[in-house]
Amino acid sequence: MIIPAVMSRLNRRIVVLCVSATFFILAFRQFTTRSELPSPTFTSSIRVDHPVKWKDIPPQHPVTSMTPLPTGESPSIPKIQHDFGIETENNRAERLHRQTAVKEAFLHTWKGYKQYAWLQDEVTPVTGGFKNGFGQRAVTMVDALDTLIIMGLKEEFEEAVKGLKKIDFTTAGIPRLNVFETTIRYLGGLLSAHDLSNGKHHTLLDKATELGDMLYAAFDTANRMPITRWDWETAALGGHQAADPQALSAEIGSLTLEFTRLSQLTGDPKYFDAVQRISDVLEKHQNRTKIPGLFPILVSPLREEFDVDETFTMGGMSDSLYEYFPKQYLLLGGLSDQSRKLYETAIEPAKKHLFFRPLIPQDQNILISGNARLSSAGSVKLEPDGQHLACFTGGMVALGARIFNRTGDLDIARKLVDGCIWAYDSMPTGVMPETFKMIPCYGDEDCKWDITKWHAAVKSSYSADYDTLHQDVQDIITADGLQPGYARITDPRYLLRPEAIESIFILYRITGDPYLQDTAWRMFEAIHNATKTDIAYSAIADVTLPQGKETQKLDECESFWTAETLKYFYLIFSEPGLVSLDEYVFNTEAHPLRRPQAG
Ligand SMILES: *[C@@H]1O[C@H](CO)[C@@H](O)[C@H](O)[C@H]1NC(C)=O
Ligand SMILES: *[C@@H]1O[C@H](CO)[C@@H](O)[C@H](O)[C@H]1NC(C)=O
Ligand SMILES: *[C@@H]1O[C@H](CO)[C@@H](O)[C@H](O)[C@H]1NC(C)=O
């Protein structure tokens with residue numbers, strides 16, 4: 001069993017990975033000891049003087065040549081958004097009613113954060129305390145700066161910008177910084193707030209640059225691959241640095257948008273150069289992995305090795321690696337054919353090996369993005385697992401269909417989105433579980449609902465736990481709250497995640513289909529009902545609970561609730577011109593960055 005040491009700290013998309021010769025489990029347990037991480041007193045144990053002058057620390061591995069941002073004539077990129085017509089008075093009134101409810105949910109959370117956790121990382125929404133797993137740098141506040149702008153909360157925004165000035169982005173209150181999480185939440189948040197406020201507050205770009213210069217030091221390794229769980233103090237003291245022998249592919253592959261935007265805004269090419277080196281390595285290895293075109297979960301940045309791990313997914317640990325290919329194409333105004341090729345080379349094997357149609361009642365034709373691994377015989381085996389984290393794929397495929405004129409893919413995107421909608425609607429709480437197992441159909445003829453097949457699949461997926469020969473399958477179904485179609489619910493929690501509404505929002509802006517708005521509203525009400533606390537909103541333990549029962553709250557409210565989930569809910573009920581997909585590209589933390597050619 002390999003449990004890489006680098007994976008000891010788990011955040012949003014990071015889960016413990018256990019690989020052995022015979023089985024592989026994704027244990028979707030979030031890092032639960034976060035509250036035990038250093039509290040405000042930590043700063044006293046920092047070994048370096050702060051602020052750290054990162055720019056003045058001489059690099060140990062200076063770059064010898066710098067790749068500049070691509071220039072030239074941008075190719076025309078097809079329009080992404082639907083041509084929305086004039087809305088009726090009735091529709092407008094209903095839309096605004098819904099939007100107001102979302103804004104109230106945001107304000108309720110914000111009030112709780114301000115009262116109990118201001119300038120701390122997260123509020124604990126049941127006990128009214130706080131957590132500092134991100135180094136006590138107000139992650140909830142920084143991550144929500146752009147949401148405040150989008151929702152028109154001017155006073156709250158000004159107050160947050162004042163708070164921002166007090167945060168030192170040259171150090172962190174934790175010894176090992178998660179470079180990926182810091183990039184997508186903080187750097188993405190700052191850059192987006194800068195873009196959306198039209199550069200009105202110089203603090204935003206100043207702080208982004210301060211943080212960018214700190215993160216840039218994580219790339220100071222012999223092959224310039226970044227250290228993903230980074231001992232920043234050693235770096236500040238000029239200690240030895242080497243790239244990780246093992247890292248999660250999403251963590252090295254999802255830095256491009258933020259670093260590119262920082263170069264575009266500062267005019268300093270070094271940030272873009274840093275991430276372009278990663279894209280080049282990915283391109284070089286894409287066709288030499290165990291499933292050519294796809295990247296495995298684990299890769300070796302140190303050895304630049306991509307052909308060892310045999311597990312593939314668009315869910316947690318790889319997800320945003322893929323998402324960033326089409327998005328980087330947009331951010332570079334279509335001037336990077338490399339990003340287009342990376343995406344198009346990945347999407348075909350994904351359709352073949354990862355996306356599957358599950359057996360469900362009513363025979364609805366939906367798709368789920370599952371996992372694949374190589375069998376010992378060398379063939380690719382589908383693992384028919386669903387994950388909330390993988391729900392971003394519908395939006396990504398829809399975006400790729402539009403910008404690369406892959407017209408046939410829009411239907412795939414729709415089915416992927418329908419898969420996540422189904423998973424919400426199938427639960428008594430109306431909220432999708434974190435992870436589960438389904439029954440794959442092998443061909444459309446094979447997909448007629450069949451209760452015997454369902455029961456057999458339930459038995460087989462529990463066979464390791466019980467003597468299922470003697471266990472009545474109905475007892476298992478009742479005990480675990482399995483609805484028809486679920487072979488097992490491996491993790492029944494809902495952690496306030498955004499991926500489903502994210503894809504529904506993108507597909508809505510592309511197609512204009514009002515059914516998607518109605519669906520979003522149903523989901524919002526369900527989430528609101530199941531997760532609201534007196535202080536904010538909380539992750540919950542079990543979405544399979546029968547209707548009318550009080551859900552168990554887990555006392556966690558990660559910053560993506562206000563940065564992503566509520567932002568996408570708000571935007572699907574806004575006028576379509578607010579943060580148009582033809583002007584902005586969203587990073588994986590829902591931070592819109594301005595596409596340059598849009599002016
Ligand atoms: C990888 O293979 C695809 C075809 O499957 C091809 O289009 C692409 O150019 C290849 N990439 C590289 C870097 O050779
Ligand atoms: C997009 O693809 C369709 C065929 O699928 C083709 O008819 C159309 O000309 C293409 N549009 C562009 C802009 O390439
Ligand atoms: C949420 O709760 C309200 C009030 O109790 C109820 O009317 C509504 O049907 C619920 N909605 C969902 C989707 O659970």
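Which residue forms a salt bridge with Glu-305, and how far apart are the closest N and O atoms? In this predicted model, the partner is Arg-303, and the closest N and O atoms lie 3.3 Å apart.

## Salt bridges

Side chains of opposite charge can pair when their charged atoms come close. The structure holds 42 salt bridges, including the one between Glu-305 and Arg-303. Glu-305 is partly exposed, with a relative accessible area of 27%. Arg-303 also counts as partly exposed, at 48% relative accessibility.

Another salt bridge pairs Asp-411 with Lys-415, with 3.4 Å between the closest N and O atoms. These two residues stand 4 residues apart in helix H14, so about one helical turn separates them. Asp-411 is partly exposed, and its relative accessible area is 43%.

## A bridge between distant parts of the chain

Asp-465 forms a salt bridge with Arg-488, and here the closest N and O atoms are 2.9 Å apart. This pair links distant parts of the chain, 23 residues apart. Asp-465 lies in the loop between helix H15 (451-461) and helix H16 (473-480), whereas Arg-488 belongs to strand E16 (residues 488-491). Asp-465 is partly exposed at 46% relative accessibility, while Arg-488 is buried, with a relative accessible area of 16%.

Salt bridges that share partners also join Asp-337, Arg-340, Glu-344, Glu-348, Lys-351, Arg-406 and Asp-409 into one network.

## Disulfides

A disulfide is a covalent bond between the sulfur atoms of two cysteines. A search of the whole structure finds 2 disulfides. One of them joins Cys-391 to Cys-420, with an S to S distance of 2.1 Å. The pair links distant parts of the chain, 29 residues apart: Cys-391 is in the loop between strand E14 (385-387) and helix H13 (393-403), and Cys-420 is in helix H14 (residues 409-425). Both cysteines are buried. The torsion about their S-S bond is about -105 degrees, so this disulfide is left-handed.

A disulfide also joins Cys-441 to Cys-447, where the S to S distance is 1.9 Å. The link is right-handed, with 65 degrees about the S-S bond. Cys-441 is buried, at a relative accessible area of 10%, and Cys-447 is buried at 2% relative accessibility. With bonded cysteines counted along the chain, the disulfides of the protein follow the pattern 1-2, 3-4.

Cys-557 counts as buried, at 4% relative accessibility.

Conventions:
Residues numbered from 1 in each chain as written. Chains lettered and ligands numbered in written order. Predicted model: local features only at pLDDT ≥ 70, side-chain atom pairs only at ≥ 80, totals over all residues. Heavy atoms only, no water. Disulfide = S-S within 2.5 Å. Buried < 20%, exposed > 50% of the residue type's maximum accessible area, 1.4 Å probe, protein only. Salt bridge = Lys/Arg side-chain N within 4 Å of Asp/Glu carboxyl O.
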